[in-house]
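Hi everyone, thanks for having me.

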Amino acid sequence: MAQNNGFGKFIATAVIAGALGGGITYGGVSYFNNNNNGTGTELVSGTNKNGNTKVSNVKVNLNTQAEKAFNATKSTVVSVINLQKQSSSDDTLSGILGQIQGGSSSQKKSSGELEASSEGSGVIYKKSGNTAYIVTNNHVVAGANALEIILSDGSKVSASVVGKDAVSDLAVIKINSDKVKKVATFGDSDNIKVAEPVLAIGSPLGSQYATSVTQGIISAKKREVPQTSESGQQIGNATVIQTDAAINPGNSGGPLINFAGQVVGINSMKLASDQQGTSVEGMGFAIPSNEVVMIINQLIKNGQVIRPALGIGYTDLSNISEQQQRSILKLPKSVTQGAVVLNVNANSPAKRAGLAKYDVITELDGTKITQQSQLRDILYKHKIGDKISVTYYHKGDKKTGSITLNEKATSKVLSGASK
């Protein structure tokens, strides 16, 4: 939900149109009154001709817990500007020459200049010597040629990427700490409660609305939402915090905080409509702080997150016809769910455990496999060196065994699903 330029221009246009409308309306009223010699006021019944209406000087004490939590955290929240090299079309002559020579009529070239491609949010969580560290979303910094940070006081500093992780959609970037006065603290996301009030802080629609705050509640502590690869293939599920605090484009990477001012989640996405196109409101999602801390510690240490792999390519059993399930996989009719092994890498954990091509995994680490994406979710809960149980069918025979996870997963997810 980083705010891209196209959306930003649309919003800017809407705001400008609204301002012009207000100006025209206001001007029309003034013209009417000025050209009726004051008779316009006579059209309104009950008008106080003395014009002595006043405002009452009543002070309200708004020193609430929400205000305290916001004030404790707001200076740690930043805007993250993703800068990318500007592309421009070749001139008309080049386009014509391209057509004559059999090339594209609209070729692109890089001008070398950097421009803002998208905007998101981030939160400063650590200061060490001359360096301050910011956690944000991976999709906020993806594709950047450079990064610019706008601090809460409006000052701008450059940033560089320490590490990023597409699976968790988290990234750590760093800046010079000279202007950093305060850092945020993390709360225990396992201890949050449904209906507990929370605040979301960030830059909805970009840095012009920086440090905006919205209030809501925790709608669900552990909601599973599907994750997809760049090709649109579902690669697993993310376990996230659901909240009804307003989250908009540009809020991505900003903190979700409890009323103690602690970060309990990193705002990552919202659901605007379901698969049928029905619009929904108040369904935002944040990465739980406990997962955030685990990921950013690895990014600081290694620059990446190291996860285990089985060393196989696989697909969902539902993708295999019933005829092939019987003739090729030799499966009994009672087996209707699982992950089909399409290939096994040499010397992989799966190979050493005895798995082979066309085996069907029905259970892993004590969890029944109802869809292929579960394999990734189960593996990513473990670390290199862990041993897990496996149940599978080999040429129709049910087998059990154990797999030692001593192979690292690659960050690339293939169309056939490789883990």
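What we're looking at is a predicted model, where local features need pLDDT of at least 70 and side-chain atom pairs count only at pLDDT 80 or more, while totals for chains, interfaces and linings use all residues. Residues are numbered from 1 along each chain as its sequence is written, and side-chain values use heavy atoms, with hydrogens and water left out.

So, the protein has eight helices and 19 strands. Of its 419 residues, 38% are buried, meaning under 20% relative accessible area with a 1.4 Å probe, protein chains only.

Now the second largest pocket. A pocket here is an open set of points on a 1 Å grid over the protein atoms alone, where a 1.4 Å probe fits, with protein on both sides within 12 Å along at least five of seven lines; lining residues have an atom within 4 Å of a point. Which strands supply at least two lining residues each? Those are β9 (212-228) and β12 (263-270). The lining includes Val225, Pro226, Met269 and Lys270, along with Phe285.

Last, charges over rings: NZ of Lys or CZ of Arg has to be within 6 Å of the ring centre and within 35 degrees of the ring normal. Lysine 126 does this with tyrosine 133, at 5.4 Å from the ring centre. Arginine 307 has its charged end over the ring of tyrosine 380, 4.9 Å from the centre.

Terms used:
Helices (H or I, at least four residues) and strands (E, at least two) are DSSP runs, numbered from the N terminus. Buried means under 20% relative accessible area, exposed over 50%, partly exposed in between (1.4 Å probe, protein chains only).
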